[in-house]
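Thanks for coming. Please have a look at it first.

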Amino acid sequence: MIFVDGVPISTDPSSQGSNALVALMEHSTLVSVSNSLKAIPERKFSVNEESSQERLKKSKWVYVFQREYATVDPALVDFVGTDEATTCVGLVIRNKQNGMTSVAHMDSPNIVDMGLSQMLSLVVGQNLDAYLEVHLVGGFEDVSPNYANSRTRSESGAKLEGYSYPLCAKIVESMCIRQEKFHIWTFFVLGHNTRRDSKGNAYPIFNGLAVETSTGSVTPSCFDRTSRCPDEIVRRIRVSASYEDPSWNGKLLETYDTQTDQFRIAPCHWTFHQKHMALLRQNFRDSEILLGCSTSPLAEGPDFVNNLRREDEFLIKHPDWRETFPMNQPRVFERAGDGGWKKC
């Protein structure tokens with residue numbers, strides 16, 4: 001069940017989340033929050049950033065890649081966040097009573113139902129009456145705004161759905177029908193998270209977020225290569241591999257152990273298709289990679305192509321997954337004394 005300002009949001013079960021989505025987009029409180037969020041400068045997370053605040057340098061954070069989630073204990077972690085979201089959505093669920101916070105980088109409607117159950121397993125436990133603070137940041141109008149604002153899907157052709165709208169509608173629909181009590185505090189998606197250039201091309205205003213676990217405060221955030229850790233390239237490759245691994249169907253990828261404050265990167269198998277595409281892309285121009293590998297080529301960050309090329313280089317250099325996961329064991333990283341990560 002979804003609440004805003006303590007009042008439940010009613011929905012028509014037959015609308016597949018569309019009616020509730022429109023109600024949330026138009027809710028005066030959430031519109032005000034979205035407008036305020038636009039005025040907040042992005043917080044930059046960087047291990048090497050000299051201008052970062054001293055407190056931020058010493059903070060402990062957990063970074064979540066696409067299709068991953070992490071549930072963190074505020075006694076062990078100061079910040080948890082994600083970025084690089086264009087048509088994806090960063091979802092935060094925080095238990096107001098104990099501060100347990102889960103962040104997911106949702107990239108498809110197919111993982112929402114099971115993904116919510118994964119996120120809630122340690123946040124809620126057996127207490128279905130827990131007050132859950134919820135924030136959504138991401139997704140933008142990657143289709144005509146007339147479709148995103150339509151009351152029912154029948155008002156526009158299915159081909160005009162794009163990626164952001166179906167994902168947001170599915171998240172809202174799933175929360176509406178669950179027993180837990182989701183209190184929406186931030187709904188910065190679709191039209192609220194869209195800017196346009198002089199040619200009318202749409203782009204997301206923000207691509208990421210971070211949660212301060214002690215307070216529940218959410219700020220627009222971006223991370224660089226030094227802070228998207230640990231095991232950046234292997235985790236990126238594992239996202240791609242998960243699409244071809246039936247054991248991950250419908251699930252978010254588990255990487256972080258809440259109780260031990262460790263990352264445990266479970267083994268994954270590079271497929272022949274992945275290795276073949278890595279070799280093939282060596283001859284692709286940057287524009288071809290953008291068009292062929294992105295759901296929103298115009299909106300991707302400046303390092304999108306470079307990140308993909310680094311993945312390809314790793315696959316070509318390490319074609320046998322057993323070299324990366326000896327004895328089929330996970331790659332484990334524990335917290336270092338400086339707040340970063342070291343391989344066990």
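Let me start with Lys 170. This lysine is buried, because its relative accessible area is 18%, and the cut-off for buried is under 20%. Keep in mind that this is a predicted model.

Where does Lys 170 sit? It lies in helix α6. Apart from neighbours within four places in sequence, what is Lys 170 in contact with? The partners are Pro 109, Val 112 and Asp 113.

Now the helix itself. Helix α6 covers residues 164–177, and it packs with helix α1, residues 18–26. In general, two packed helices are described by the angle between their axes and the distance between the axes. Here the angle is about 100°, and the axes are 8 Å apart. The two helices, α1 and α6, are therefore roughly perpendicular to each other.

Which residues make that contact? On the α1 side, they are Ser 18, Ala 20, Leu 21 and Leu 24. On the α6 side, they are Tyr 165, Cys 168, Ala 169, Val 172 and Cys 176. Sorted by class, that gives eight nonpolar residues, one polar and no charged ones.

Next, a sheet. There is an open sheet of four strands, in the order β16-β17-β18-β19, and the pairing is antiparallel. Its edge strands are β16, at 256–257, and β19, at 341–343, each of which pairs on one side only. For β19, the pairing with β18, residues 331–335, is antiparallel and runs over three bridges. As for individual residues, Arg 335 has Trp 341 in β19 as its bridge partner.

That is what I have for today.

How values were computed. Residues are numbered from 1 along each chain as its sequence is written. This is a predicted model: local features need pLDDT of at least 70, side-chain atom pairs count only at pLDDT 80 or more; totals for chains, interfaces and linings use all residues. Side-chain values use heavy atoms; hydrogens and water are left out. Axes are lines fitted to C-alpha atoms, for helices over the stretch in contact, and angles run from 0 to 180 degrees between N-to-C directions. Angles under 35 degrees count as roughly parallel, over 145 as roughly antiparallel, 65 to 115 as roughly perpendicular and the rest as oblique. Contact means heavy atoms within 4.5 Å. Ala, Val, Leu, Ile, Met, Phe, Trp, Tyr, Cys and Pro count as nonpolar, Asp, Glu, Lys and Arg as charged, and the others, Gly among them, as polar. Two strands pair if DSSP finds at least two bridges between them. Buried means under 20% relative accessible area, exposed over 50%, partly exposed in between (1.4 Å probe, protein chains only).
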